[in-house]
Amino acid sequence: MSQDPIVDTIFLVFTGAAVLATLALAARQSLLLAYIALGVLFGPSGIDLMEDTAIASDIAHIGIMFLLFLLGLDLNPKELMQSVRRTTLVTLGSAFILAIAGLGVGLAVGFSPLESLVLGGTMGFSSTIIGLKLLPTTVLHHQRMGEIIISILLLQDLIAIAMLLLLRGAATGDAPWTDVALMLLMLPTLALFAALCARFLLIPLIKRFDTIREYVFLVAIGWCMGMAELGGVVGLSHEIGAFIAGVALASSPIAVYIAANLRPLRDFFLVLFFFSIGVQFELGMLTDVLLPGATLALKPIIFHWLLTRIGDPVQRSTEIGYRLGQMSEFSMLIGTLALQLSVIGARVSYTIQLATILTFVVSSYLVVKRFPTPIAVSDDLRRD
């Protein structure tokens, strides 16, 4: 290997991914599973070729921002707000039911009440990456289902951020409620700021120089990353900031052009993301996460039941339940932070992280095999 760890990481990821992706397609399996399997193979549980596993994870974080930015470009702000209002009950209801189920599982396997509560809290979040990466971008399939899934994931992200603030408050003895209230105030403030900047600054500049494609490309990336950074600074998250950046441009005709040109860049980073997930997998602890993982089989059922209660068709409710049937990147973050703050022990933290990775694998496999996705092996299910 060379002396440059970033070059080594890029080489291992994309050369290995090209080989495993070929084998996966030949075996009619999901490409996401190939990327995760490559991480397991090259990680500590495999032949351990990765000297610094954090590099891939850090670079991949940018891919999540691009993914949410591109999704925001497809959403009309008014329709998004209507969808968020409709799905609030579903989001809160599913989080509460899964928190109770996780609490019961934690107590059953010998965790303390606080540790069990943290475990239950992390089970209520679904993966933004899995949910959106496997969502077709065709308008016919994306329009209503996409609005529901994105609004649920957005609300879950806000709940997850609130949970992170509460954990920090519990560990330091500070009152976290002020931080939570400030976070809720910052969301509409940031959205208003983005809308004003887009209308009076960004869109006029793009219209003036739209014949220079390189300029439009650079402005789009700068806008996405700038809003992502601002989202982190004001106490929300980089992902929410990037999503707001996309929504602010959604009403402009340039949104379609930007979305088409940034997709290859997004996919580059997302390959790194799924590889980094596999690198973190520890096969030796697999038996410890079977019970929490099995409990998450309730997730599609819970979402199906709640969505049908608010009037969504049975078939769409079932599909959304499967698409949101895994744990979240936020679950892993909460598990890591809670361990660092000594709120939970190492066994609980590893259980949360490995249960998240396990559900990533199972959920993505079921979705790709049963429902339309951009990366389906079957021609009948491939939509993009």
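This is a predicted model: local features need pLDDT of at least 70, side-chain atom pairs count only at pLDDT 80 or more; totals for chains, interfaces and linings use all residues.
Which residues in α2 meet which residues in α16?

**Helices α2 and α16**

From α2, the residues L32, L33 and I36 take part, and they meet V361, S364 and Y365 of α16. Sorted by class, this contact has five nonpolar residues, one polar residue and no charged residues. Helix α2 covers residues 31-42 and helix α16 covers residues 346-370; their axes are 9 Å apart and the packing angle is about 160°. Since angles over 145 degrees count as roughly antiparallel, α2 is therefore roughly antiparallel to α16. The crossing of these two helices is left-handed.

**Helices α9 and α10**

Helix α9 spans residues 213-233 and helix α10 spans residues 238-249. Their axes come within 6 Å and cross at roughly 135°, so α9 and α10 are oblique to each other. This crossing is right-handed. On the α9 side the residues in contact are W223, C224, M227, A228, E229, G231 and G232, and on the α10 side they are H238, G241, A242, I244, A245, A248 and L249. By class, the contact of α9 with α10 has nine nonpolar, four polar and one charged residues.

The table sets out the two pairs.

| Helix pair | Axis separation | Angle | Source |
|---|---|---|---|
| α2 and α16 | 9 Å apart | about 160° | computed from the model |
| α9 and α10 | within 6 Å | roughly 135° | computed from the model |

**The nonpolar core**

The largest nonpolar core has 120 residues. Those with the most contacts inside this core are F69, V118, L132, W223, L249 and I258. Helix α7, residues 139-172, supplies the largest share of the core, 16 residues.

Two residues of this list, W223 in α9 and L249 in α10, also belong to the contact between those helices. F69 is in contact with both W223 and L249.

**M145 in helix α7**

M145 is found in helix α7. Is M145 buried or exposed? Its relative accessibility is 5%, so M145 counts as buried. Not counting residues up to four places away in sequence, M145 touches L135, R316, E319, I320 and R323. M145 and R370 lie 225 residues apart along the chain, and their C-alpha atoms are separated by 16 Å.

Note on methods
Residues are numbered from 1 along each chain as its sequence is written. Side-chain values use heavy atoms; hydrogens and water are left out. Axes are lines fitted to C-alpha atoms, for helices over the stretch in contact, and angles run from 0 to 180 degrees between N-to-C directions. Helices (H or I, at least four residues) and strands (E, at least two) are DSSP runs, numbered from the N terminus. Angles under 35 degrees count as roughly parallel, over 145 as roughly antiparallel, 65 to 115 as roughly perpendicular and the rest as oblique. A crossing is left-handed if the near helix is turned anticlockwise from the far one by less than a right angle, and right-handed if clockwise. Contact means heavy atoms within 4.5 Å. Ala, Val, Leu, Ile, Met, Phe, Trp, Tyr, Cys and Pro count as nonpolar, Asp, Glu, Lys and Arg as charged, and the others, Gly among them, as polar. A nonpolar core is a set of buried Ala, Val, Leu, Ile, Met, Phe, Trp, Tyr and Cys residues joined through side-chain atoms within 4.5 Å. Buried means under 20% relative accessible area, exposed over 50%, partly exposed in between (1.4 Å probe, protein chains only).
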